[in-house]
Amino acid sequence: MALVIWLAVCALPVWKFVECAGEIVRGRASLGWQAAPGRISHAELRAHGKGGKMPAIGYSYRAGGRTWVAHRIEATSGYSAVQAKKLVERFPPGAEVTVYHDGQGEAVLIQGVRASSWFGLVLSLLWFWGVLALTWYELARHRKKRRRQRASA
């Protein structure tokens, strides 16, 4: 049972690290993407979790002689209720916007990486290192205890 708990405690920061690293890579890549004119097709707040709100923004843009449809706002995910509301207000239906795209169907309305992705990356690394340090300490303490028991036996 202790091993299962330890694996879960280790898996969570690893998962968060991978998620944040992916957001950072995509966000940095979006800085070099092409700009194209676009139009917001829908923008609304949708229920998310227990009482939370998530922005749902759809848009279309023309690139490479083709019309594309997308919904990604930016590389980073996760918004507070206030952030979600501001995004829906910033991108109302029918608004003309600049869409940044990679030419292969990946697009965003906002380029770059939010600070929350960097914070999540650092926090997950600290958490993981803390788990490893605690594990190392507990293993060393357990070995020392066994040595004492053997010596006294």
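This is a predicted model: local features need pLDDT of at least 70, side-chain atom pairs count only at pLDDT 80 or more; totals for chains, interfaces and linings use all residues.
Arg 72 is a handy place to start: with a relative accessible area of 30%, this residue is partly exposed. Arg 72 sits in the loop between strand S3 (66-70) and helix H2 (81-90), while Glu 106 belongs to the loop between strand S4 (96-101) and strand S5 (107-108), so the pair ties together parts of the chain that are 34 residues apart in sequence.

In general terms, side chains of opposite charge can pair when their charged atoms come close. The count of salt bridges in this model comes to 7. Another of them joins Glu 74 to Arg 114, with the closest N and O atoms 3.2 Å apart. This pair, too, links distant parts of the chain: Glu 74 is in the loop between S3 and H2, Arg 114 is in the loop between S5 and H3, and 40 residues separate them. Both Glu 74 and Arg 114 are buried, whereas Arg 72 is partly exposed at 30%.

The side chains of Lys 85 and Glu 89 meet at 3.5 Å, N to O. Both residues are in helix H2, and because they are 4 residues apart there, about one helical turn separates them. Lys 85 has a relative accessible area of 47%, which means that this residue is partly exposed.

Turning to the nonpolar side of things, in soluble globular proteins nonpolar side chains tend to be buried together. The largest nonpolar core in this model has 21 residues, and those with the most contacts inside it are Ile 40, Ile 57, Tyr 59, Tyr 61, Phe 91 and Leu 109. At least two residues of this core come from each of S1, S2, S3, H2 and S4. The largest share belongs to S2, which supplies 4 residues. Setting aside neighbours within four places in sequence, Tyr 61 is in contact with Ala 36, Pro 37 and Gly 38, with Arg 66, Thr 67, Trp 68 and Ala 70, and with Val 99, His 101, Gly 105, Glu 106 and Ala 107.

Not counting residues up to four places away in sequence, Pro 93 touches Ile 40, Ser 41, His 42 and Ala 43. Pro 93 lies in the loop between H2 and S4, and its relative accessible area of 52% is over the 50% cut-off, so the residue counts as exposed. From Pro 93 to His 42 the sequence separation is 51 residues, yet their C-alpha atoms are 4.9 Å apart in space.

Rolling a probe the size of a water molecule over the atoms shows where empty space is left. The largest pocket has a volume of about 320 Å³. It is lined by 15 residues, of which Met 54, Pro 55, Ile 73, Ser 77 and Tyr 79 are the closest to its centre. Strand S1 (34-48) and strand S2 (52-63) are the elements that give two or more residues to this lining, and S2 gives the most, with 5. Sorted by class, the lining has 6 nonpolar, 6 polar and 3 charged residues.

The second largest pocket holds about 230 Å³ of space. Ala 2, Leu 3, Trp 6, Val 9, Val 131, Leu 134, Thr 135, Glu 138, Leu 139 and His 142 line it. The elements that give two or more residues here are helix H1 (2-30) and helix H3 (115-152), with H3 giving the most, at 6 residues. By class, this lining has 7 nonpolar, 2 polar and 1 charged residues.

Helix H3 also contains Ala 115. At 61% relative accessibility, this alanine counts as exposed. Ala 115 and Cys 20 are 95 residues apart in sequence, and their C-alpha atoms are 11 Å apart in space.

Definitions and conventions:
Residues are numbered from 1 along each chain as its sequence is written. Side-chain values use heavy atoms; hydrogens and water are left out. On a 1 Å grid over the protein atoms alone, a cavity is a set of points where a 1.4 Å probe fits but cannot get out, and a pocket is an open set with protein on both sides within 12 Å along at least five of seven lines; lining residues have an atom within 4 Å of a point. Grid points are joined across faces, edges and corners, and a volume is the space filled by probe spheres set on the points. Ala, Val, Leu, Ile, Met, Phe, Trp, Tyr, Cys and Pro count as nonpolar, Asp, Glu, Lys and Arg as charged, and the others, Gly among them, as polar. Buried means under 20% relative accessible area, exposed over 50%, partly exposed in between (1.4 Å probe, protein chains only). A salt bridge is a side-chain nitrogen of Lys or Arg within 4 Å of a carboxyl oxygen of Asp or Glu. A nonpolar core is a set of buried Ala, Val, Leu, Ile, Met, Phe, Trp, Tyr and Cys residues joined through side-chain atoms within 4.5 Å. Contact means heavy atoms within 4.5 Å.
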